[in-house]
Amino acid sequence: MNLRKDFTTPEADRLRALCNFSDEERQVFDLRIRDKSVVEISMALNMSVASTKRRLQSIRHKIDKVSQI
C-alpha cells in the first residue's frame, strides 16, 4: 500500500473517521497523502525518521484492520 497515491479524498476522509488515528498518526497520514516524503514529514513534525516510519507502520496496520471489515 502506497499512502502517497492510493486514496482519493473521500477515501482518506473515511479512513480518518474509522481508523482512530492518534494525533501524531493523523498528522503523518495527512502529510503522507499530500505526497510528502518520510524526511519531509519528519522535519515538518520535528520527529526522527525512525519515529515517522513507526507511525506509518501503525497507520498501515490500522488501515489494514479497517479494510478487513
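## A buried ring

Phenylalanine 21 counts as buried, at 12% relative accessibility. Buried means under 20% relative accessible area, exposed means over 50%, and partly exposed lies in between (1.4 Å probe, protein chains only).

This is a predicted model: local features need pLDDT of at least 70, side-chain atom pairs count only at pLDDT 80 or more, and totals for chains, interfaces and linings use all residues. Residues are numbered from 1 along each chain as its sequence is written, and side-chain values use heavy atoms, with hydrogens and water left out.

## Aromatic pairs

Rings of Phe, Tyr and Trp (its six-membered ring) pair if their centres lie within 6.5 Å; planes under 30 degrees apart count as stacked, over 60 as edge-to-face and the rest as tilted. The count is 2 aromatic pairs. The rings of phenylalanine 7 and phenylalanine 29 have centres 6.4 Å apart and planes at 45°, so this pair is tilted. Phenylalanine 7 sits in the segment before helix 1 (9-18) and phenylalanine 29 in helix 2 (residues 23-33), so the pair ties together parts 22 residues apart in sequence. Helices (H or I, at least four residues) and strands (E, at least two) are DSSP runs, numbered from the N terminus.

The rings of phenylalanine 21 and phenylalanine 29 have centres 5.1 Å apart and planes at 40°, so that pair is tilted. Ring pairs link Phe7, Phe21 and Phe29 into a cluster. Phenylalanine 29 is buried, at 0%. Phenylalanine 7 is partly exposed, at 24%.

## Positive phi

Most residues other than glycine have a negative phi. Asparagine 20 has a positive phi, near 55°. Asparagine 20 lies in the loop between helix 1 and helix 2.
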